[in-house]
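I opened the model today and kept notes as I went. The entries follow in the order I looked things up.

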Amino acid sequence: AYPLEAALIDRMNDQSVDIFPWDVALCWAYDLNWFPRPIFQSYTAYTPYLDAINSQHFVDDEESPENILYSYSSIDGRYPLFDEPKTFRTILNNYSYVDQSNGFIQLNRSSRPVGDAEDIGLKMVKMGEPIDIPEYNGEVFGHIDVRYTLLGNLMKSIYKPEPAYVQFQLKDGTTSQWYRFIPDNTVNGLFLSQYVGDIDTLAWIFQGHLMNDIHAITIRTDHPKYYEDTIQIRFVGLPIQSDQGDFMDPNTKSIRFYWLTPDMKSASGGGTLEASYYKKHANLRIGSESMPAIFEHPQGPTGTTIAYENIDIRKGSSLEFSIGIDEGVWDKPESDGVTFEIHLHDPVANATQEVFSHTLDPAHTAEDRGWHHFEISLEEYLSENISIQFITRPNGNHAYDWAWWGDPKIVW
């Protein structure tokens with residue numbers, strides 16, 4: 001029933017492991033060194049206290065399991081990440097992705113540097129109204145207080161009240177299914193940065209990706225007599241820190257393109273860019289350095305363009321960025337490198353100027369490996385509506401053109 005790949009099992013090499021959300025039969029099937037959290041089935045940690053106990057199990061390096069096997073599952077139509085919200089937050093910032101096999105991802109204890117939590121908003125809405133998620137440069141958690149009426153509490157003490165439901169409205173205009181919503185644990189802070197609808201997306205966020213794609217959530221019930229009409233939400237932000245110690249702080253004097261949505265993404269000749277040719281990584285390591293990064297794979301003979309429009313370039317501004325090619329292609333002889341370019345377009349003058357061009361070919365040139373850092377003065381381009389175009393071009397063929405822009409930003 002659990003045909004996990006032998007390489008995944010061998011990699012753990014008798015290290016301690018816990019299983020999420022409940023498939024503990026894996027421990028006997030593969031003779032794993034099981035080190036369970038106190039409430040070892042997620043759906044039974046249904047109070048804030050039980051969730052907090054489980055969360056503590058993953059805090060201390062000396063007392064927490066070295067590995068986690070995590071499956072995207074829940075019961076009764078629930079959203080899996082909401083079963084143990086405080087525990088999930090702790091795991092998210094203390095474990096990293098290693099591998100994936102047959103519906104399970106392997107996580108290894110490897111904490112990410114994060115900043116101190118900060119309050120980023122308080123809202124009161126009526127049951128059934130959309131709850132807008134605040135824009136924030138980091139992880140967003142919502143401590144949601146949904147209270148039962150007297151009748152609801154009575155039903156809860158006897159068995160359980162009629163259910164409530166939650167739905168996600170995404171920034172691309174799509175919506176999720178309705179999930180059963182269990183109010184008791186939600187005061188511990190629900191992860192609201194990204195909608196996770198499958199095991200692949202779960203693996204994605206544990207690899208350091210963070211898309212901040214949730215516009216709003218809606219909580220409703222078909223039985224309002226069991227729930228108070230007003231919902232209170234306290235939003236908390238957790239800034240992520242790169243290895244250089246530079247927090248992604250929205251209050252700094254900078255425009256960080258990692259946190260912006262491009263106004264245009266196109267392939268050669270204005271064609272549609274394949275979805276896999278553009279993505280983000282919250283803390284990408286190339287060589288000895290890590291930083292937030294934007295992936296832009298060249299598509300077509302003239303490459304790919306990602307454009308950000310109506311950018312305000314102020315006095316004293318400069319463009320700081322790094323470029324690099326993924327370590328995974330350094331040993332690929334068919335890879336022949338990528339040319340990185342930056343163009344500034346003034347729509348009023350209908351003029352475009354190339355301000356940067358550099359080619360990297362790490363498969364054949366050792367000096368081209370790792371991150372390469374640049375800074376360009378923008379003093380002569382002062383304007384309130386400049387379009388900045390990040391372009392990657394093939395250096396011949398397109399094989400393994402895994403190009404990354406490292407934390408591009410305008411600072412002043």
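I started with leucine 202 and listed its contacts. Leaving out residues up to four places away in sequence, Leu202 touches Tyr70, Leu81, Phe88, Ile105 and Val196. I note here that the model is predicted.

Next I looked up the core around Leu202. The largest nonpolar core has 92 residues, and Phe168 and Leu202 touch the most other members. Which helix gives the most to this core? I found that helix H6, residues 199-206, does so, with five residues.

I turned to helix H3, residues 48-56. Which of its residues are buried? I wrote down Leu50, Asp51, Asn54 and Ser55. They cover an arc of only 140° around the axis, so they sit on the same side of H3. I recalled the helix geometry: an α-helix has 3.6 residues a turn, so residues three or four places apart point the same way. I then checked the face of H3 turned away from its buried side, and it carries the exposed residues Tyr49 and Gln56. Helix H4 (85-92) is included in what covers the buried residues of H3.

I moved to the surface. Leu151, Leu154, Ile158 and Tyr159 make a nonpolar patch of about 450 Å². I placed Tyr159 in the loop between helix H5 (150-158) and strand E9 (164-170). Is Tyr159 buried or exposed? Its relative accessible area is 62%, and the cut-off for exposed is over 50%, so I count Tyr159 as exposed.

Then I went through the backbone. I found a cis peptide bond joining Phe20 and Pro21, with omega about -5°. Pro21 lies in the loop between strand E1 (16-20) and helix H2 (25-29).

I also noted positive phi values at residues other than glycine. Asp76 has phi near 55°. I located Asp76 in the loop between strand E3 (67-71) and H4. Its relative accessibility is 49%, so I logged Asp76 as partly exposed. Asn102 has a positive phi of about 50° and is not a glycine. Where is Asn102 found? I traced it to the loop between strand E4 (95-101) and strand E5 (104-109).

Key: Residues are numbered from 1 along each chain as its sequence is written. This is a predicted model: local features need pLDDT of at least 70, side-chain atom pairs count only at pLDDT 80 or more; totals for chains, interfaces and linings use all residues. Side-chain values use heavy atoms; hydrogens and water are left out. A nonpolar core is a set of buried Ala, Val, Leu, Ile, Met, Phe, Trp, Tyr and Cys residues joined through side-chain atoms within 4.5 Å. Buried means under 20% relative accessible area, exposed over 50%, partly exposed in between (1.4 Å probe, protein chains only). Helices (H or I, at least four residues) and strands (E, at least two) are DSSP runs, numbered from the N terminus. Contact means heavy atoms within 4.5 Å. Patches are made of residues with over 30% relative accessible area and no salt bridge: like charges are joined within 9 Å, nonpolar side chains (Val, Leu, Ile, Met, Phe, Trp, Tyr) within 5 Å. Accessible areas come from the Shrake-Rupley method with a 1.4 Å probe; for residues, only the protein chains shown count as cover. A salt bridge is a side-chain nitrogen of Lys or Arg within 4 Å of a carboxyl oxygen of Asp or Glu. The arc is that of the directions from the helix axis to the C-beta atoms.
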